[in-house]
Amino acid sequence: MKIVMIGSGYVGLVSGTCFADFGHDVVCMDKAVEKIAALERGEIPIYEPGLEALVDGNVKAGRLTFSTELAGPVAEADVVFIAVGTPSRRGDGHADLSYVYAAAREIAAAVTGFTVVVTKSTVPVGTGDEVERIIRETNPAADVAVVSNPEFLREGAAIDDFKRPDRIVIGYEDERAREVMTEVYRPLYLNQAPLLFTKRRTSELIKYAGNAFLAMKITFINEIADLCEKVGADVQQVARGIGLDGRIGA
């Protein structure tokens, strides 16, 4: 399939490279001219074990290219991923979705034929609805299905996480998108990696709920560590002791 990854930061570059390694034809694009120039020289802007070799191999195989130009690649794409930053705003902590919405407008102006538009950035619930509204407002003739496909990558283990995931969450409203996304993840689907298909808003909330739960686990065991110091207990053994309960986990 022809895939465009808008945003060549951590999530976009790792995801785009792994999709290319699956055999898809991938264009990773970014507005940062210096970043794309560096990638074309084989310089990786982030440190992630194994990524440099994976990028190099797929570039040489002709499956992975880089671009600062969106319109041409998007016009030919089957699937367009939005993997731009959503930084927290100063003052109120709200996610800044301006980059996501700007990408949606540019996609709308460029798409031809049926295209699946996928939000991979971490976004609040309802963002997919707004992305779809923006696309339809900008180009009423656009034939698109907007999908939520959050990432669950750990820095330092991102490639392994992508290729051997705990789960792949795909939220959609248009039934045509299910078949396309199954094909995008075909090697993982054939290896029986769990593909969880949900409604779009459910998918968006799974990402936020997962992040919140992980933060809660860390905060909880830090509190227990403080208590262990006061009472003379071993926090490592406490963590193991409670983690052996299947309802809690390690």
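Q: Over how many bridges do β4 and β5 pair?
A: This is a predicted model, in which local features need pLDDT of at least 70, side-chain atom pairs count only at pLDDT 80 or more, and totals for chains, interfaces and linings use all residues. Strands (E, at least two residues) and helices (H or I, at least four) are DSSP runs, numbered from the N terminus. Two strands pair if DSSP finds at least two bridges between them. β4 and β5 pair in the parallel sense, and their count is 4 bridges.

Q: Which residue of β5 is the bridge partner of F81?
A: Residues are numbered from 1 along each chain as its sequence is written, and side-chain values use heavy atoms, with hydrogens and water left out. F81 belongs to strand β4, residues 79–82. Its bridge partner in β5 is V118.

Q: Which residue of β4 is the bridge partner of I3?
A: Strand β1, residues 2–6, runs parallel to β4, and 4 bridges join them. In β4, I3 has as its bridge partner V79.

Q: V79 and F81 point one way from β4; which residues point the other way?
A: In a regular strand the side chains alternate between the two faces of the sheet. All of the named β4 residues are buried, where buried means under 20% relative accessible area, exposed over 50% and partly exposed in between (1.4 Å probe, protein chains only). V79 and F81 point one way, and the other way point V80 and I82.

Q: What is the relative accessible area of T119?
A: T119 is found in strand β5. Not counting residues up to four places away in sequence, T119 touches I82, V131, V147, S148, N149 and P150; contact means heavy atoms within 4.5 Å. T119 is buried, with a relative accessible area of 3%.

Q: Which residues on the other side of α2 are exposed?
A: Helix α2 spans residues 33–40, and I36, A38 and L39 are buried there. They lie on the same side of α2 because they cover an arc of only 160 degrees around the axis, taken from the directions from the helix axis to the C-beta atoms. What covers them includes α1, β2 and β3. The exposed residues on the other side are V33, E34 and E40.

Q: To which backbone nitrogen does the side chain of D30 reach?
A: D30 lies in the loop between β2 and α2. D30 is buried, at 11% relative accessible area. A polar contact is a pair of N or O atoms within 3.5 Å; within protein, one must be able to donate a hydrogen and the other to accept it, and residues adjacent in sequence count only if both atoms are side-chain atoms. At 2.9 Å, the D30 side chain reaches the backbone nitrogen of A32.

Q: Is T122 buried, partly exposed or exposed?
A: T122 is found in the loop between β5 and α6. Leaving aside its neighbours within four places in sequence, T122 is in contact with T86, E151, K207, Y208 and N211. With 24% relative accessibility, T122 counts as partly exposed.
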